[in-house]
Structure formats: C-alpha cells, structure tokens
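Visitor: I am new to this structure and would like to learn how to read it. Could you walk me through it, feature by feature?

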Amino acid sequence: MTDVVVRALSDGLSSENGGLFVDLPGEELPVFLLPRVWDERDCVRLVKLALVYPALLGATERRAWEAIRMADKYWSASKARGSKAAKPARKVEDLQVSPLEADWEALLAAATSQRSRADS
C-alpha cells in the first residue's frame with residue numbers, strides 16, 4: 001500500500017504532470033519546488049523547505065526550524081551583525097549537517113512537546 005501512495009505522490013509531483021510549481025521571490029516564472037527542497041535526510045529537507053518556501057511548514061516544523069535557525073552550531077557562517085535580537089540570515093550552503101543529524105530526534109521531540117503544551 002505504501003508503494004502505491006509513494007508512486008501516486010511522485011507521479012503527481014513530477015514535472016511532466018504539472019508538478020508542484022510555486023512563485024518564489026526573485027523569480028519571474030513559477031519554479032518546480034521539489035528539486036530545490038528534496039533531500040533524503042529529513043533534517044536537510046526541512047531546512048531547504050524553510051529557506052525556499054517557509055509557508056509550507058506546519059506548526060511543529062516551524063518550531064523545529066526556529067530552533068535550527070537560531071542555533072549557531074548548525075551553521076558555518078558567523079552570526080548576523082547587529083543586535084542580539086536580530087535574526088541571522090541563513091543559507092543551505094552554510095548548514096552543518098552532522099551536528100543537525102545528531103540532534104534531529106531531540107529537536108523534533110522538543111518541537112512536538114512545545115505543540116502539546118500550547119494545545120493544553
């Protein structure tokens with residue numbers, strides 16, 4: 001059954017069937033989103049999606065992304081200049097995958113836990 005669902009999703013999102021095209025800032029025409037965000041690793045896929053099209057993130061994913069974005073240990077670039085409250089600009093090229101992979105389950109658990117507390 002899972003193979004049927006995966007195949008249907010894959011067919012539905014493939015470029016020859018129309019695919020998942022979105023309008024992105026700085027692009028004249030809609031772009032095919034999947035190649036820009038896909039990665040076999042869940043943690044990298046979340047980062048790519050958050051950087052390219054954050055509106056597609058769910059509540060738990062947004063909380064996980066916020067923790068990743070604000071933690072310097074996941075990024076090779078230096079902190080943003082300015083006040084401590086400034087949100088650092090992040091790029092996928094600067095992502096340090098090994099520490100993120102090591103912390104991934106804990107990040108998801110914390111994001112899910114925050115949602116449970118917010119729902120209570």
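**Reading the model step by step**

Guide: Read along the sequence, the elements of the protein come in the order α-β-β-α-α-α-α. This is a predicted model, in which local features need pLDDT of at least 70 and side-chain atom pairs count only at pLDDT 80 or more, while totals for chains, interfaces and linings use all residues. Residues are numbered from 1 along each chain as its sequence is written, and side-chain values use heavy atoms, with hydrogens and water left out.

Visitor: How many helices and strands are there in the protein?

Guide: Helices (H or I, at least four residues) and strands (E, at least two) are DSSP runs, numbered from the N terminus. Here the protein has 5 helices and 2 strands.

Visitor: What share of the residues is buried?

Guide: Buried means under 20% relative accessible area, exposed over 50%, and partly exposed in between, with a 1.4 Å probe and protein chains only. In this protein, 26% of the 120 residues are buried.

Visitor: Which residues have the most contacts inside the largest nonpolar core?

Guide: A nonpolar core is a set of buried Ala, Val, Leu, Ile, Met, Phe, Trp, Tyr and Cys residues joined through side-chain atoms within 4.5 Å. The largest one has 22 residues, and those with the most contacts inside it are Val47, Trp65, Ile68, Tyr74, Trp75, Leu95 and Leu100. H3, H4 and H5 each supply at least two residues of this core, and its largest share, 6 residues, comes from H3.

Visitor: What is Tyr74 in contact with, leaving aside its neighbours within four places in sequence?

Guide: Contact means heavy atoms within 4.5 Å. With those neighbours set aside, the contacts of Tyr74 include Ile68, Leu95, Pro99, Leu100 and Leu107.

Visitor: Now to charges: how many salt bridges does the count come to?

Guide: Side chains of opposite charge can pair when their charged atoms come close. The rule asks for a side-chain nitrogen of Lys or Arg within 4 Å of a carboxyl oxygen of Asp or Glu, and the count comes to 7 salt bridges. In one of them, the closest N and O atoms of Asp42 and Arg45 are 2.3 Å apart. These two residues sit 3 residues apart in helix H3 (residues 42–52), so about one helical turn separates them. Asp39, Arg41 and Lys48 are linked in a network of salt bridges.

Visitor: Which residue forms a salt bridge with Arg90?

Guide: Its partner is Asp72, with the closest N and O atoms 3.1 Å apart. Both lie in the loop between helix H4 (59–70) and helix H5 (97–119), so the pair ties together parts that are 18 residues apart in sequence. Arg90 is buried at 10% relative accessible area, whereas Asp72 is partly exposed at 32%.

Visitor: How many aromatic pairs are there?

Guide: A pair of aromatic rings is described by the distance of the centres and the angle of the planes. Rings of Phe, Tyr and Trp (its six-membered ring) pair if their centres lie within 6.5 Å; planes under 30 degrees apart count as stacked, over 60 as edge-to-face and the rest as tilted. The count here comes to 2 aromatic pairs. Phe21 and Phe32 form a tilted pair, 5.3 Å centre to centre with 35° between the planes. Phe21 lies in strand E1 (residues 21–22) and Phe32 in strand E2 (residues 31–32), so the pair ties together parts 11 residues apart in sequence.

Visitor: Why is the pair of Trp65 and Trp75 edge-to-face?

Guide: Their ring planes stand at 80°, with the centres 6.1 Å apart, so the pair is edge-to-face. Trp65 is buried at 9% relative accessible area, and Trp75 is buried at 4%.
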